[in-house]
Amino acid sequence: MTGPTPTPPPGPGRHTATLRLDGVRDKAGFLDRCAQDLGLPPWFGHNWDALADCLRDLSWWGRPEEGFVLRVHGWEAFRTAAPEAAATAAEVFAEATGHWADRGTPLTVRYE
């Protein structure tokens, strides 16, 4: 039996960002916190499509040699408070992870 794939720790050559969801209870709060904590570019439109666009681009985070790590703190509480928004957010993160995997630059999302 195999377990989940281990997540590489942040290190040199990786861009690491932390999304803190403490107190976030809905979609609007989630998107606002993404803008704030992730330093999303000014063109971020505070909707799911705009978040997906930002996470597929990431030029505003630079081009680290070893990829990107996104740490999401408070995920379980957010998922309990806003299950529909959390499901959509997880889909957006999964799509971005796949996008970067196809390009040979890993984007790892750690739900903490």
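Modeller: What follows takes the labels one by one and sets each value against its cut-off.

Colleague: What kind of model is this?

Modeller: This is a predicted model.

Colleague: How many helices and strands does the protein chain have, and which pattern do they follow along the sequence?

Modeller: There are four helices and three strands in the protein chain. Along the sequence the order is β-α-α-β-α-α-β.

Colleague: How much of the protein chain counts as buried?

Modeller: The protein chain has 112 residues, and 35% of them count as buried.

Colleague: What share of the contacts with a separation of 6 or more comes from residues 24 or more positions apart?

Modeller: Such pairs account for 58% of those contacts in the protein chain.

Colleague: Now the helices. Why are α2 and α4 called roughly parallel?

Modeller: Look at the angle. The axes of α2 (residues 48–57) and α4 (residues 83–102) cross at roughly 25 degrees. Angles under 35 degrees count as roughly parallel. Therefore α2 and α4 are roughly parallel to each other.

Colleague: Within what distance do the axes of α2 and α4 come? Is their crossing left-handed or right-handed?

Modeller: The two axes come within 9 Å. The crossing of α2 and α4 is right-handed.

Colleague: Which residues make the contact?

Modeller: On the α2 side they are Trp48, Leu51, Ala52, Leu55, Arg56 and Asp57. On the α4 side they are Ala85, Thr88, Ala89, Val92, Phe93, Ala96, His99 and Trp100. By type, the residues of this contact divide into ten nonpolar, two polar and two charged.

Colleague: Take Ala89. Where does Ala89 lie, and what makes Ala89 buried?

Modeller: Ala89 sits in helix α4. Its relative accessible area is 0%. Buried means under 20%, so Ala89 is buried.

Colleague: Which residues does Ala89 touch, not counting residues up to four places away in sequence?

Modeller: With those set aside, Ala89 touches Phe30, Trp48 and Trp75. Phe30 is 59 residues from Ala89 in sequence. In space, their C-alpha atoms are 8.7 Å apart.

Colleague: Are Cys34 and Cys54 buried or exposed?

Modeller: Cys34 has 0% relative accessibility, so Cys34 counts as buried. Cys54 also has 0%, so Cys54 counts as buried.

Colleague: Let us turn to the loops. Where is Gly39, and why is Gly39 called partly exposed?

Modeller: Gly39 is in the loop between α1 and α2. Gly39 has a relative accessible area of 42%, so Gly39 is partly exposed. Leaving out residues up to four places away in sequence, Gly39 touches Cys34 and Trp60.

Colleague: What about Gly45 and His46?

Modeller: Gly45 lies in the loop between α1 (27–38) and α2. At 41% relative accessibility, Gly45 is partly exposed. His46 lies in the loop between α1 and α2. His46 has 40%, so His46 is partly exposed.

Colleague: What is noted about phi of His46?

Modeller: Phi of His46 is near 55 degrees. That is a positive value in a residue other than glycine.

Colleague: And Leu58: where is it, and is it buried or exposed?

Modeller: Leu58 is in the loop between α2 and β2 (67–73). Leu58 has a positive phi of about 55 degrees, although it is not a glycine. The relative accessible area of Leu58 is 0%, so Leu58 is buried.

Colleague: One more. Val109 has a relative accessible area of 17%, so why is Val109 called buried?

Modeller: The cut-off decides. Buried means under 20%. Val109 is at 17%, so Val109 is buried.

Colleague: Where does Val109 lie, and what does Val109 touch, not counting residues up to four places away in sequence?

Modeller: Val109 lies in strand β3 (residues 107–111). Not counting those residues, Val109 touches Leu70, Val72, Phe93 and Thr97.

Terms used
Residues numbered from 1 in each chain as written. Predicted model: local features only at pLDDT ≥ 70, side-chain atom pairs only at ≥ 80, totals over all residues. Heavy atoms only, no water. Axes fitted to C-alpha atoms, helices over the stretch in contact; angles between N-to-C directions. Helix = DSSP H or I, 4+ residues; strand = E, 2+ residues; numbered from the N terminus. Parallel < 35°, antiparallel > 145°, perpendicular 65-115°, else oblique. Left-handed = near helix turned anticlockwise from the far one by under 90°. Contact = heavy atoms within 4.5 Å. Nonpolar A, V, L, I, M, F, W, Y, C, P; charged D, E, K, R; others polar. Buried < 20%, exposed > 50% of the residue type's maximum accessible area, 1.4 Å probe, protein only.
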